[in-house]
Amino acid sequence: QRQLVESGGGSGEPGGSLTLSCAASGFSMDHYSFGWFRQAPGKEREGLSCINSSGSFTNYADSVKGRFTVSRDNARNVVYLQMNSLKPEDTAVYYCAAEDYAYCRYSLGYAGAYDLWGQGTQVTVSS
């Protein structure tokens, strides 16, 4: 059974850093692209980033560009989201998602591209 499990969420201070992990199990992620999304209370889900199967291509939403970095370790079946310079508006539930396709072929906000989702991890940024 294919499964994604996020971890690493929690509380952070403005200007601080957190690293989220997305562990894949039940399948080899070598041929999958991955996306990171978030959803804050009362807001629509926001696409943040995509990484292709080899990790050679990444893209980011303007809201996180320059602050967040997505990476992956296919040998360990893990995708990461390094979040730096945190802001209170980064507070949300963060989700990773996987598509059985090697490339980031759709716009970041198109959640329908992904057929496998994690359960989400809460990130709260406050002083």
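Are D90 and R38 buried or exposed? Both D90 and R38 are buried, where buried means under 20% relative accessible area, exposed over 50% and partly exposed in between, with a 1.4 Å probe and protein chains only. Keep that pair in mind; the tour comes back to it.

**Before you start**

This is a predicted model, in which local features need pLDDT of at least 70, side-chain atom pairs count only at pLDDT 80 or more, and totals for chains, interfaces and linings use all residues. Residues are numbered from 1 along each chain as its sequence is written, and side-chain values use heavy atoms, with hydrogens and water left out.

**Stop 1: the core**

Select L4, F34, W36, L81, M83 and Y94. These are the residues with the most contacts inside the largest nonpolar core, which has 37 residues. Such a core is a set of buried Ala, Val, Leu, Ile, Met, Phe, Trp, Tyr and Cys residues joined through side-chain atoms within 4.5 Å. Now colour the strands that each supply at least two residues of this core, among them strand 3 (18-25), strand 4 (33-39), strand 8 (78-83) and strand 9 (92-99). Strand 9 gives the largest share, 5 residues. Helices (H or I, at least four residues) and strands (E, at least two) are DSSP runs, numbered from the N terminus. In soluble globular proteins, nonpolar side chains tend to be buried together.

Next, centre on L81. Leaving aside neighbours within four places in sequence, L81 is in contact with L18, T19, L20, W36, L48, F68, T69, V70 and Y94; contact means heavy atoms within 4.5 Å.

**Stop 2: the disulfides**

How many disulfides does the structure hold? There are 2 disulfides, each a pair of cysteine sulfur atoms within 2.5 Å.

- C22 is joined to C96, S to S 2.0 Å. The link of C22 and C96 is right-handed, with 65° about the S-S bond. C22 sits in strand 3 and C96 in strand 9, so this pair links distant parts of the chain, 74 residues apart. C22 has a relative accessible area of 0% and is buried, and C96 counts as buried at 1%.
- C50 is joined to C104, again S to S 2.0 Å. The link of C50 and C104 is left-handed, with -95° about the S-S bond. C50 lies in strand 5 and C104 in the loop between strand 9 and strand 10 (116-117), 54 residues apart. Both C50 and C104 are buried.

With the bonded cysteines of the protein numbered in sequence order, the pairing is 1-3, 2-4.

**Stop 3: E6, a buried charge**

Select E6, in strand 1 (residues 3-7). E6 is buried yet has no salt bridge, and R45, the nearest side chain of opposite charge, is 9.6 Å away. For charge, Lys and Arg count as positive and Asp and Glu as negative, while His and the chain ends are not counted. What does the side chain of E6 reach at 3.0 Å? That is the backbone nitrogen of Q119. The backbone nitrogen of G120 lies 2.8 Å from a polar atom of the E6 side chain. Polar contacts here are pairs of N or O atoms within 3.5 Å; within protein, one must be able to donate a hydrogen and the other to accept it, and residues adjacent in sequence count only if both atoms are side-chain atoms. Not counting residues up to four places away in sequence, E6 also touches others, including W36, Y94 and C96.

**Stop 4: R38 and its partners**

Back to the opening pair. The structure holds 7 salt bridges, each a side-chain nitrogen of Lys or Arg within 4 Å of a carboxyl oxygen of Asp or Glu. In one of them D90 pairs with R38, the closest N and O atoms being 2.9 Å apart. D90 lies in the loop between strand 8 and strand 9 and R38 in strand 4, so the pair ties together parts that are 52 residues apart in sequence. R38 also meets E46 in a salt bridge (2.8 Å, N to O). R38 has a relative accessible area of 6%, whereas E46 is partly exposed at 27%.

Then select E99 and R105, whose side chains form a salt bridge at 2.5 Å, N to O. E99 is buried and R105 is partly exposed, with a relative accessible area of 44%.
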